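This report concerns one protein chain, shown below with its sequence. Please keep both in view while reading.

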Amino acid sequence: MRFFVSCMLAVSATTALAQSALPSCYEYAKLPAANLASNTELFVVIDQTTPLDASLQQSVANNMKPFLEAGNTFSVMQFSAFTQGHYTDVLTNATLDHALEADARKDIGKNQLAKFDQCMAIQSPNAAKLAGAALRKAFSGTSSDVAKSDVLGSLKDISNKIKQSSAKQKVVLLASDMLENSSISSFYAKQAVRQIDPQKELKLVADNQLFADFGGAKVYVIGAGLLTADASKPKGVYRDPKTMAALQQFWRTYFEKSNAKLVEFGQPALLNPLR
């Protein structure tokens with residue numbers, strides 16, 4: 001069964017989200033803490049004003065799966081519009097322990113080692129349950145009825161957590177239409193994507209102090225340019241290449257100025273796996 005579906009069936013959101021992190025296998029086996037920085041921290045950020053179809057939801061889950069391994073950390077967050085009662089929220093955050101080095105295993109008693117190995121064997125499946133429950137909660141709360149979408153303000157808020165990560169590598173998977181619709185600016189026109197002037201919009205970002213600091217993270221976007229009408233029309237809504245190129249250029253420069261690198265801008269799907 002596919003990863004996303006199996007995670008949804010494996011655990012209820014209430015059970016999974018009652019814990020803020022995975023239990024430490026080092027603590028369980030009463031071993032000294034590894035005190036090592038995470039190899040990679042993955043931040044999955046869901047824009048609740050952008051309903052994704054089943055295929056795109058599956059893509060988010062599939063891209064998470066390779067990161068749920070020893071030595072990594074992951075978070076699932078959601079955001080919407082500050083004025084709509086849907087605020088930025090961390091749904092789950094968990095760290096998977098580093099494996100023991102071969103030399104260290106030689107100095108540990110059999111009982112302690114058995115407990116540690118037993119814990120490590122179930123840590124990744126438990127991480128998948130936590131991730132799956134959080135994704136289900138985030139996706140079930142998405143709605144196209146929210147009047148505004150504070151993408152810029154929310155990303156600045158979220159970047160504060162990302163910057164604080166001590167992981168060797170930081171990766172952001174951002175599921176959003178990337179269409180700002182706030183008091184700052186609107187990327188919409190006549191229920192379609194407006195062809196923006198990237199430089200003018202970037203000046204608005206600077207004037208309103210909305211550039212962020214993502215601490216050198218790599219960013220992948222899934223869902224760019226999605227519109228509500230896409231779901232109701234068999235062929236979706238046409239967006240000309242110039243409009244989408246301008247949107248991508250704006251966000252590429254925004255992330256550059258916000259200490260991040262936009263690796264891929266999925267319109268709407270990602271063509272390559274996260275790395």
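The model is predicted: local features need pLDDT of at least 70 and side-chain atom pairs count only at pLDDT 80 or more, whereas totals for chains, interfaces and linings use all residues. Residues are numbered from 1 along each chain as its sequence is written, and side-chain values use heavy atoms, with hydrogens and water left out.

**The chain as a whole**

The secondary structure comprises ten helices and eight strands; helices (H or I, at least four residues) and strands (E, at least two) are DSSP runs, numbered from the N terminus. Of the 275 residues, 49% count as buried, where buried means under 20% relative accessible area, exposed over 50%, and partly exposed in between (1.4 Å probe, protein chains only). Contact means heavy atoms within 4.5 Å. Among contacts between residues at least 6 apart in sequence, 81% join residues at least 24 apart.

**Helices**

Helix α6 covers residues 110–140, and its 31 residues should span 45 Å at 1.5 Å a residue; the end C-alpha atoms are 45 Å apart, which agrees. The expected span is 1.5 Å times one less than the number of residues. Within α6, a kink of about 35° lies at Gln123, shortly before the proline Pro125. The bend at a residue is the angle between axes fitted to the seven residues ending there and the seven starting there.

Two packed helices are described by the angle between their axes and the distance between the axes. Helix α8 (residues 198–207) packs against helix α10 (residues 241–257) at an angle of about 35°, and their axes are 9 Å apart. Axes are lines fitted to C-alpha atoms, for helices over the stretch in contact, and angles run from 0 to 180 degrees between N-to-C directions. On the α8 side, the contact is made by Pro198, Glu201, Leu202 and Val205; α10 contributes Ala246, Gln249, Phe250, Thr253 and Tyr254. These residues divide into six nonpolar, two polar and one charged. Here Ala, Val, Leu, Ile, Met, Phe, Trp, Tyr, Cys and Pro count as nonpolar, Asp, Glu, Lys and Arg as charged, and the others, Gly among them, as polar.

Leu52 lies in the loop between β1 (40–47) and α4 (54–64), and Ala175 is in strand β4. The table gives their accessibility.

| Residue | Relative accessibility | Class |
|---|---|---|
| Leu52 | 9% | buried |
| Ala175 | 1% | buried |

Not counting residues up to four places away in sequence, Leu52 touches Gln57, Val60, Phe139, Ala175 and Leu226. Ala175 and Gly223 are 48 residues apart in sequence, with 5.8 Å between their C-alpha atoms. Leu52 is 216 residues from Pro268 in sequence, yet their C-alpha atoms are 9.4 Å apart.

**Backbone geometry**

Most residues other than glycine have a negative phi, and most peptide bonds are trans. Pro268, in the segment after β8 (260–265), is joined to Gln267 by a cis peptide bond with omega near 5°. Met178, which is not a glycine, has a positive phi of about 65°; Met178 lies in the loop between β4 (169–175) and β5 (188–189) and is buried, with a relative accessible area of 0%. Asn259 also has a positive phi, near 55°, and is placed in the loop between α10 and β8. At 39% relative accessibility, Asn259 counts as partly exposed.
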